[in-house]
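These are my notebook entries on one chain, written down as I looked things up. I begin with the conventions and then go from the whole chain to single residues.

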Amino acid sequence: MHPMNELDSLDRKILAALHMNGRASWTDIAQAIGTSTTTVARRAQQLIQDGVVVVAAVPHVEHRGPVDVFLVRLACSPGTQLRVADRLSRFPEVRFVAVVTGSHDIVFELVAPKSRDLFSILVDEVQRIPGAMRSQADLVLHTYKISYDWSLQGLDFAPEAFAVEPIAHSCGPHHLDDVDRDILDVMRDDGRASFQSVAKHLGVSESTVRRRFEVMTERGCATISTFIPASALGYEAEVLFWLSVEPARLEAVAGVLTGHRGVRHISATLGQSSLLIEVIMPTTAELHEFTSRTLAGIPGIQSWTASVQLLTVKRGFLPVPWAQAHLAAVTGQKPAG
């Protein structure tokens with residue numbers, strides 16, 4: 001694993017560019033950040049090899065059928081947080097897992113098929129993990145924002161020319177066939193894989209892979225997602241906020257926060273808190289500015305609680321490589337995946 005404190009400004013620009021578009025060509029990235037294609041290719045491939053960045057093809061959550069999404073806060077017995085997080089990361093229904101500060105130790109996102117019994121997942125499976133204690137699950141009612149431009153805060157370039165924003169789409173099971181799913185399965189582990197290599201692996205033509213992949217991404221049935229730890233870009237603050245908002249002002253508050261680049265994610269939840277937001281800030285001082293001015297200045301926000309993300313274990317259904325050393329040291333097991 002490449003030490004985060006050894007990344008220089010050029011590494012961070014490459015990571016930010018990949019974060020905007022995981023399949024951008026080395027030439028396009030080189031032009032955006034003002035260096036040579038050879039340098040970008042060499043450095044980027046090393047960052048990928050070292051597990052600092054993961055590029056993956058991620059299907060829409062409903063590509064196999066309708067789902068309910070829950071944000072779950074879980075308290076653990078002392079010293080068991082990493083073991084519990086590791087077990088949770090191995091659940092196929094869990095999209096996101098992070099060890100956090102606050103009244104709960106772990107936050108995870110459960111994407112539960114409507115055909116599954118929720119009781120069996122949260123009680124029979126989660127609560128039986130050794131160390132797992134009380135939990136609080138909030139149903140996600142609506143997602144207002146998933147941002148891929150937070151990584152550009154504080155950087156002196158803006159590669160909007162090749163940026164790709166996710167498309168809002170409800171993708172039912174009938175939108176993808178077995179060949180589409182096979183393509184996504186191969187590209188889940190390597191979102192930059194060439195269409196030729198995917199075609200060879202599946203025994204189909206390159207044109208078939210290219211055409212099908214382009215249709216899936218253009219329709220929003222799949223996206224290319226790039227995962228990097230915020231610390232790799234020198235960011236000091238990665239925080240989950242639960243906001244209590246006046247019901248009549250919910251849409252307005254979400255609209256204001258959507259325009260803030262440091263806000264990565266906004267969801268309305270059915271629970272004690274009205275909105276969950278995920279915020280990434282370059283410095284603690286800027287986090288203070290966000291809480292004392294931005295949140296304090298938005299009419300309708302009544303109160304908030306927050307948890308700092310200490311270690312992200314899984315994101316986008318993928319176990320993230322930069323957490324695996326921590327997990328392996330505690331569990332002695334091979335990484336999930």
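**Entry 1: the chain as a whole.** I count a residue as buried when its relative accessible area is under 20%, as exposed when over 50%, and as partly exposed in between, with a 1.4 Å probe and protein chains only. On that scale, 52% of the 337 residues of the protein chain are buried. I note that this is a predicted model, in which local features need pLDDT of at least 70 and side-chain atom pairs count only at pLDDT 80 or more, while totals for chains, interfaces and linings use all residues. Residues are numbered from 1 along each chain as its sequence is written, and side-chain values use heavy atoms, with hydrogens and water left out.

I looked up the secondary structure next, taking helices (H or I, at least four residues) and strands (E, at least two) as DSSP runs numbered from the N terminus. The protein chain has 11 helices and 11 strands. With contact meaning heavy atoms within 4.5 Å, I find that among contacts between residues at least 6 apart in sequence, 75% join residues at least 24 apart.

**Entry 2: S267.** I placed S267 in strand β8, residues 263-270, and its relative accessible area of 1% makes it buried. Setting aside residues up to four places away in sequence, S267 touches V140, H142, T143, S274, L275 and L276. T143 is 124 residues from S267 in sequence, yet their C-alpha atoms are 4.3 Å apart in space.

For polar contacts I used pairs of N or O atoms within 3.5 Å; within protein, one must be able to donate a hydrogen and the other to accept it, and residues adjacent in sequence count only if both atoms are side-chain atoms. The side chains of S267 and T143 make such a contact at 3.3 Å, and a further one of 2.6 Å joins the side chains of S267 and H265.

**Entry 3: helix α5.** In α5, residues 118-126, I found S120, I121, L122 and V126 buried. Their cover includes β2 (67-76), α4 (81-89), β4 (106-113) and β5 (132-146). At the start of α5, a side-chain oxygen of D117 comes to within 3.1 Å of the backbone nitrogen of F119.

**Entry 4: salt bridges.** Side chains of opposite charge can pair when their charged atoms come close. My criterion was a side-chain nitrogen of Lys or Arg within 4 Å of a carboxyl oxygen of Asp or Glu, and the structure holds 18 salt bridges.

One of them joins the side chains of D11 and R43, at 3.2 Å from N to O. Since D11 lies in helix α1 (residues 9-20) and R43 in helix α3 (residues 37-49), the pair ties together parts that are 32 residues apart in sequence. D11 is buried at a relative accessible area of 7%, whereas R43 is partly exposed at 22%.

I then looked at D177 and R212, whose closest N and O atoms are 2.8 Å apart in a salt bridge. D177 sits in the loop between β5 and α6 (178-189) and R212 in helix α8 (residues 206-219), so that distant parts of the chain, 35 residues apart, are linked. D177 is partly exposed, with a relative accessible area of 32%, while R212 counts as buried at 19%.

**Entry 5: Q309.** I found Q309 in strand β10, buried with a relative accessible area of 7%. The residues in contact with Q309, neighbours within four places aside, include E238, E278 and R315. The side chains of Q309 and T312 are joined by a polar contact of 3.2 Å.

**Entry 6: F317.** This residue lies in the loop between β10 (301-315) and β11 (318-319), and I recorded that the phi of F317 is near 70 degrees, a positive value in a residue other than glycine.
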